[in-house]
Amino acid sequence: MGPPGKRDEGWFTSLYAAEYAHIVRYGLRRMADGDASAELAQEVFVVAWRRRDEVPDRSLPWLYGVARRLLANQWRSRRGAPDVLPITDVDLARVAGSSGADVTVGVADVRAALAILSELDQEILRLVGWEELTVSEAAKVLGCTRAAAAVRLHRARRRLTEAMSDRPVHARRPMLATLREDL
């Protein structure tokens with residue numbers, strides 16, 4: 001973080017030019033609407049300007065954290081699920097007649113498997129996989145320690161692997177239902 005005197009319009013303009021596209025892509029991967037993603041990026045930079053003394057030199061993880069919190073606030077205010085990303089015909093393209101290890105995993109497969117996971121699992125996988133953050137940077141976005149983020153990432157990767165595999169995911173039935181069936 002630089003001295004407050006250096007956080008002027010020139011600093012903000014260079015930050016905006018360097019990171020705006022990253023924030024828009026972050027929003028596009030989480031919302032179906034390109035305009036909404038651009039609006040999210042604008043809101044992120046409004047926060048960055050207001051809190052410019054708090055923005056670290058390595059600003060992208062901090063900006064992702066702001067975007068994540070803004071999205072969470074939007075979703076909470078709607079009291080519904082986030083918009084579903086459209087699946088295009090290109091995403092569904094597969095090699096005809098192939099099976100097993102020869103089948104290519106398409107974007108639709110990854111999205112379908114991600115949809116099964118919890119929101120926290122999805123977010124850690126997106127931050128490290130799509131946003132290309134380190135575990136330490138992802139921890140800053142999520143507001144946890146590096147060790148906690150590493151554990152979350154490990155578990156999320158394991159769950160994603162299970163969700164994408166051909167074998168069924170372990171049944172998670174409530175204990176009461178198991179007892180009733182045994183009676």
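Let's start at Gln-42, which sits in helix α2, residues 34-50. Keep in mind that we are looking at a predicted model. Is Gln-42 buried, exposed or partly exposed? Its relative accessibility is 35%, so Gln-42 counts as partly exposed. Setting aside neighbours within four places in sequence, Gln-42 is in contact with Tyr-16 and Tyr-20.

Now move along to Val-44. Which residues does Val-44 touch, not counting those up to four places away in sequence? They are Ile-23, Leu-63, Val-66, Ala-67 and Leu-70.

That brings us to the core. The largest nonpolar core has 41 residues, and Val-44 is one of those that touch the most other members, together with Ile-23, Ala-48, Leu-63, Ile-124 and Leu-125. Two or more residues each come from α1 (9-28), α2, α3 (60-78), α4, α5, α6 and α7. Helix α3 gives the largest share, nine residues. As background, nonpolar side chains in soluble globular proteins tend to be buried together.

Let me step back to the whole chain for a moment. We have eight helices and zero strands, so if you read along the sequence the pattern is simply α-α-α-α-α-α-α-α. Of the 183 residues, 33% are buried. Look at contacts between residues at least 6 apart in sequence, and 61% of them join residues at least 24 apart. The accessible surface comes to about 11,500 Å², and carbon and sulfur atoms account for 56% of that.

Next, please find helix α7, residues 146-164. Which residues of α7 are buried? Ala-149, Leu-153, Ala-156, Leu-160, Glu-162 and Ala-163. Do remember that an α-helix has 3.6 residues a turn, so residues three or four places apart point the same way. And what do the buried residues of α7 pack against? Their partners are α4 (107-116), α5 (119-130) and α6 (135-142).

One last stop, for those of you who like backbone angles. Glu-132 is in the loop between α5 and α6. Although Glu-132 is not a glycine, it has a positive phi of about 60°. Its relative accessible area is 65%, so Glu-132 is exposed.

Thanks, everyone, and I'm happy to go back to any of these spots on the screen.

Key
Residues are numbered from 1 along each chain as its sequence is written. This is a predicted model: local features need pLDDT of at least 70, side-chain atom pairs count only at pLDDT 80 or more; totals for chains, interfaces and linings use all residues. Side-chain values use heavy atoms; hydrogens and water are left out. Buried means under 20% relative accessible area, exposed over 50%, partly exposed in between (1.4 Å probe, protein chains only). Helices (H or I, at least four residues) and strands (E, at least two) are DSSP runs, numbered from the N terminus. Contact means heavy atoms within 4.5 Å. Accessible areas come from the Shrake-Rupley method with a 1.4 Å probe; for residues, only the protein chains shown count as cover. A nonpolar core is a set of buried Ala, Val, Leu, Ile, Met, Phe, Trp, Tyr and Cys residues joined through side-chain atoms within 4.5 Å.
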